[in-house]
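Good morning, and thank you for making time for this presentation.

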Amino acid sequence: SFECFLFVAWSGPQGMPSKSSKSKPKKLPVTVLSGFLGAGKTTVLKHVLHNRAGLRVAVLVNDMAEINVDAALVSKIELKQGEERLVELSNGCICCTLRDDLIQTVSALAKEGRFDYCLVESTGIAEPMPVAASFSIPDPKTGQTLSKVASLDTLVTVVDCEAFESHWKSGQQAKERADMGAEKTDERFLVDLLTDQLEVANVVILNKTDLVAEDQLKQVIGLVKKLNPGAQLVQTSHGRVDPEILINTGRFDVQAVQCMPGWMQELMGVHTPETEEYGISSFIYRARRPFHPARLKALLAGNLPGGVVRSKGVVWVATRHEDSLVWNHAGVHSNLEPSIPWHATVPRAQWPCQVAREVDKVWEEPYGDRRQEIVVIGIKMDRAVPTAALDAALVTDEELAQGPKTWSTWADEVSPASDDHLAGPAACAGAREEPPAKVQKVG
């Protein structure tokens, strides 16, 4: 398919003072909008532009379709002739093939010093973090980064409340949704994309609330709060939101974002009990013996029973005694991902001081820090049911007594995702090669 990336520069309406006339920011602040196709990102964007109170805003719209419909809709807003221009960059996505162009374009805007703010609307299947990384991590090819001239201010995810349940329960992969612009090689699951977009957001806009029943809305609210307890939730219909919720919030923190997901908060001991009023609850499953590979494979082939909708954590598999694995489950999709070696395999003298203190808290002879530690989140969940299913996948007392030498002879039936599969930017465009982006001035 043909991919488009469009840039539109906007000036505040005549007669409305620009905030830049009072104080010129050192760096250009940026908000990134994410959300599935049809969630209402463009509607939110249009509403913000209509109510920007004199701010001079640069807008970048990314669409994976052959025609950039979102940009066409945004462009219908009246422009002040002579002060706006439209630039089209084709053949790529801002997460990957057009990452360089994103960096160059935002850098150029920032250096002009004419704009107070920048809004980026990403494509529906884009992951927010690869875009966010452009602001702090140098590009491996060019060494460029945006941190010198621009700052990521807010990550926003727009949720279609009406379609939320079907997306969450969907077993579809992105490649099965041509309407979303996904490549035929894109094997990411929709529920994983939805989870990624929700768990890192600073602000979650729950759109189309007028189209769902009260009980259904409460369930969506409860689950989103449990997935990301630190996010600001905004309920709306027709994309009507206060621009101040999205602009100049200063909410993004590159250090804190790694601890934002609800499962990470639970592991750190930060519980969100208010979600229980929506029927959403959670607990941490812990065990000090490994999973049997065959029984774990069977468990992963289905779903954790008892109303579980999300689970994630670190696991120990008997046939992989040296390395920990990450258990990752959302909706109807479960998988294992590669992780770091257990600290028990590394000489203590090589542990950083701060790590040593944390490892000591979980250390237990004879296997050190090897353990099962999974955060389980569910709706009207019977905790005993998923606990029993996980317990049944562990090695028995007899198998435990056999020890690592015997375990290593067992068939290794678990298949963690490869490092390549986990690479967000490459996955977005199916890791295909594209010709250089074309730049076309339209006005």
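Leu194 is buried, at a relative accessible area of 6%, where buried means under 20% relative accessible area, exposed over 50% and partly exposed in between, for a 1.4 Å probe and protein chains only. Before I continue, please note that this is a predicted model, in which local features need pLDDT of at least 70 and side-chain atom pairs count only at pLDDT 80 or more, while totals for chains, interfaces and linings use all residues. Residues are numbered from 1 along each chain as its sequence is written, and side-chain values use heavy atoms, with hydrogens and water left out.

Leu194 belongs to helix α6; helices (H or I, at least four residues) and strands (E, at least two) are DSSP runs, numbered from the N terminus. Which residues does Leu194 contact, leaving aside its neighbours within four places in sequence? They are Phe36, Phe164, His167 and Trp168, contact meaning heavy atoms within 4.5 Å. Val159 lies 35 residues from Leu194 along the chain, and 9.0 Å separates their C-alpha atoms.

I turn now to the helix pairs. The axes of α5 (residues 161-169) and α6 (residues 190-199) come within 8 Å and cross at roughly 125 degrees. Axes are lines fitted to C-alpha atoms, for helices over the stretch in contact, and angles run from 0 to 180 degrees between N-to-C directions. The two helices are therefore oblique to each other: angles under 35 degrees count as roughly parallel, over 145 as roughly antiparallel, 65 to 115 as roughly perpendicular, and the rest as oblique. From α5, Phe164, His167 and Trp168 meet Val191, Leu194, Thr195 and Leu198 of α6.

Helix α5 also packs against α7 (residues 214-227), their axes coming within 10 Å and crossing at roughly 65 degrees. Among the residues in this contact are Phe164 and Trp168 of α5, and Leu223 and Val224 of α7.

Finally, the core. Which residues touch the most other members of the largest nonpolar core? Of its 31 residues, these are Phe164, Trp168, Leu198, Val204, Leu206, Leu223 and Val224. Such a core is a set of buried Ala, Val, Leu, Ile, Met, Phe, Trp, Tyr and Cys residues joined through side-chain atoms within 4.5 Å. Elements giving two or more residues to this core include α5, α6 and α7, and α7 supplies the largest share, 6 residues.
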